[in-house]
Amino acid sequence: MIFGRWSKLAAVARRHGVLIVFIVLVTGMFATTSTFGTYQNLINVLQQNSIIGIIACGMTFAIILGGFDLSVGSMTALASVVGATLMIDLGTLGIPVGIIGAVAACLLVGATNGWLIAYLRVNPFVATLGTMTVVRGLIYVATNASPRFGVPYSFTTLGLGRLFGVPNPAILFLIVAALLGFVLHRTRFGHYVYAVGGNSVASVQMGVNAGRVRFAVYVLVSLCAAISGIILVGETATATPQAALGYELTAIAAVIVGGAPLGGGRGRMTGTIVGVFLLGVVANGLNLFGVSPFWQPVATGLILIAAVAFDGYSKRGGFGA
Amino acid sequence: MDGSTKATNALLSAERISKSFGAVVALQDATLHLPAGEITGLVGDNGAGKSALIKIISGVFTPDSGLIEFLGKPANFASPAEAREQGIETVYQDLALAGNLAVWANLYLGRELTVSPKFLHILDKRAMLSKTSEMLKRFIRDVPPIAEPVELLSGGQRQVVAIARAGAWGSKLILMDEPTAALGVVETKAVEEVIFELKRQGLTILVISHNLDQIFRVTDGVWVMRRGRVVGYRQKARTHPDEIVSMITGAAASAEAGA
């Protein structure tokens, strides 16, 4: 049965299902909407999805490990507030200080997540829900929940500038995705993320330091959130306490749509990238067709459910089994 | 005791090992020897202390008292990693394979080969793939597809991979806890062939099994445990399943006491 023609087709569909759907979607958009293929629109899609894309790259590690991180949205806002505030108050000197401060603040949260999950063995949902709420609350306390303006204009080059016609955030997304894809698929650390996510007991028995792998993954996720928050400052020139609300769920959705199940042990960086742009192109398409933006979460949710249902279907070879 | 005469050619000896967990006495003055190059069985009823004893030998537990000698030297291992370094591998009942990883990745789990520069820890997949076949062929006649995830293999193939992995790393002693408990007849036979192959290549093996037929098929001799004590050793050629059963249940001891 494994070598039957149909199951071979099913295997191809299972392995590349999201990619096929994505290609069909993009082709359809090109065919039906003249505005989709314009340079300006494609640039928009890249610009709008880079921040969530960078977060999703980190989230891919956490999900393959068998967990996830709900605090990424709060960390992104933290990086934006810490970074922008330092830049506003310290002027041009504030740019390097702001970047360092934003990264340090996020790493502190990431290390807390990692310590709770890896060494105190707190459930990732509980640990990161806790830090998500605490961090967002602290941001509101510190800023009185009001934004601050006046980041040096030169810094907006990072968020709004382009290199060879490509938005800088998209270039950073590409760099992060390539680098983390290499780490995940080529290095021993990435290999151990799969091993611990697949069978942590077996990994420990064979001498893998599962605690250290878990800790490092949550620190890595926080680093991605820091980069996203800094780019956000570059796009808005503002310290925004309400920034990135709900980004954690969009990022998790993109990773799952990209083929990494919540149970862990599976998934690829290329799948995550396709997942990010699949959700992004659908949102863009709804926009181009003049559909109210309120429909966008509906579409995201339906795609998520469809992707997971299809994955379960193709694994069991039939619904209801 | 019959077994003490074996001490001269023993690869490993455990002398008067005791271990309690709170008020529960798991092992009491347990003494056994594993003859070098032989397959030795370890039998006993549930709770007799078999698993506790091999966990002490493999460094998972430290004994409250008693001495373990391996290769003639004292060897109370602080961790399974330490025992593994000295050449003692354990094949666990729950297999210790990661189902989502390929056969080659499981074989090298925790011992991955990397390319230089070493500090980057970049995996040398090509080298691991090409060496995996050789390593498995030493012990397995039908090597399963090494690039496939382990979860696609049958239970027997998985157990064969787990045992071959234990033998592949230059180990001297392999401890197996119920290696065929979940397997069918054909798969059990394949696993037993791998066990024989390990012996043929000079390894010493300790097999825990509830299956007396299997004990009599594969081992050269058997230790019997009862209620935390080692009650005796019998060479396979000089005993009979009925005698082993009476030692397990304690019928032999009470008969002696009555006589």
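**Figure 1. Helices α4(A) and α5(A) are roughly antiparallel to each other.** The model shown in this and the following views is predicted. Helix α5 of chain A covers residues 124-143. The angle between α4(A) and α5(A) is about 150 degrees, and angles over 145 degrees count as roughly antiparallel. The axes of these two helices lie 9 Å apart, and α4(A) passes α5(A) in a right-handed crossing. On the α4(A) side the contact involves A:Val109, A:Thr112, A:Asn113, A:Leu116 and A:Ile117. They meet A:Pro124, A:Ala127, A:Thr128, A:Thr131 and A:Val135 of α5(A). Sorted by class, the contact of α4(A) with α5(A) holds 6 nonpolar and 4 polar residues, and no charged ones.

**Figure 2. Helix α3(A) packs against helix α4(A).** Two packed helices are described by the angle between their axes and the distance between the axes. Helix α3 of chain A spans residues 72-90 and helix α4 of chain A spans residues 94-119. Here the angle is about 155 degrees and the axes are 8 Å apart. Because of this angle, α3(A) is roughly antiparallel to α4(A). From α3(A), the contact is made by A:Met75, A:Leu78, A:Ala79, A:Val82, A:Gly83, A:Ala84, A:Leu86, A:Met87, A:Asp89 and A:Leu90. Residues on the α4(A) side include A:Gly94, A:Ile95, A:Val97, A:Gly98 and A:Ile99. The contact of α3(A) with α4(A) has 15 nonpolar, 4 polar and 1 charged residues. As α3(A) passes α4(A), the crossing is right-handed.

**Figure 3. Strands β1(B) and β2(B) form a hairpin.** Strands of a sheet pair through backbone hydrogen bonds, either parallel or antiparallel. Strand β1 of chain B (residues 10-21) and strand β2 of chain B (residues 24-35) pair in the antiparallel sense over 8 bridges. B:Ser13 stands opposite B:His33, which belongs to β2(B). There are 2 residues between the strands of this hairpin, and B:Gly22 takes a positive phi near 65 degrees.

**Figure 4. An open sheet in chain B has 4 strands.** Which order do the strands of this sheet follow? The order is β2-β1-β4-β5, with antiparallel pairing. The edge strands are β2 and β5 (73-74) of chain B, and each pairs on one side only. Strand β4 of chain B (residues 65-70) is joined to β5(B) by 2 bridges, and these strands run antiparallel. B:Phe70 stands opposite B:Lys73 of β5(B). Helix α1 of chain B (residues 50-57) packs on the sheet, where it touches β1, β2 and β4 of chain B. The direction of α1 makes about 115 degrees with that of β1(B).

**Figure 5. Chain A is in contact with chain B.** On each side the contact takes in 17 residues: 17 of chain A and 17 of chain B. Helices α8 (188-198) and α9 (200-205) of chain A each supply at least two residues of the side of chain A that touches chain B. The largest share of that side, 6 residues, comes from α8(A). By class, the side of chain A that touches chain B has 6 nonpolar, 8 polar and 3 charged residues.

**Figure 6. The loop between β7 and β8 of chain B holds B:His121.** Most residues other than glycine have a negative phi, and most peptide bonds are trans. B:Ser116 and B:Pro117 are joined by a cis peptide bond, with omega about 0 degrees. B:Pro117 also lies in the loop between β7 (114-115) and β8 (122-123) of chain B. B:His121 is not a glycine, but its phi is positive, near 55 degrees. With 17 other C-beta atoms within 10 Å, B:His121 is partly exposed.

**Figure 7. A:Phe164 lies in a loop of chain A.** This loop is between β2 (162-163) and β3 (166-167) of chain A. A:Phe164 has a positive phi of about 50 degrees, although it is not a glycine. Is A:Phe164 buried or exposed? A:Phe164 counts as exposed because it has 5 C-beta neighbours inside 10 Å, and 12 or fewer is the limit for that class.

**Figure 8. B:Ala166 is buried.** B:Ala166 is part of helix α5 of chain B (residues 155-168). Within 10 Å of B:Ala166 there are 25 other C-beta atoms. Apart from neighbours within four places in sequence, B:Ala166 is in contact with B:Glu89, B:Val91, B:Ser171 and B:Ile174. B:Ala166 and B:Ile140 are 26 residues apart in sequence, and their C-alpha atoms are 13 Å apart in space.

Terms used. Residues numbered from 1 in each chain as written. Chains lettered and ligands numbered in written order. Predicted model: local features only at pLDDT ≥ 70, side-chain atom pairs only at ≥ 80, totals over all residues. Axes fitted to C-alpha atoms, helices over the stretch in contact; angles between N-to-C directions. Parallel < 35°, antiparallel > 145°, perpendicular 65-115°, else oblique. Left-handed = near helix turned anticlockwise from the far one by under 90°. Contact = placed C-beta atoms within 7 Å. Nonpolar A, V, L, I, M, F, W, Y, C, P; charged D, E, K, R; others polar. Pairing = 2+ DSSP bridges. Buried ≥ 20, exposed ≤ 12 C-beta atoms within 10 Å, placed from the backbone.
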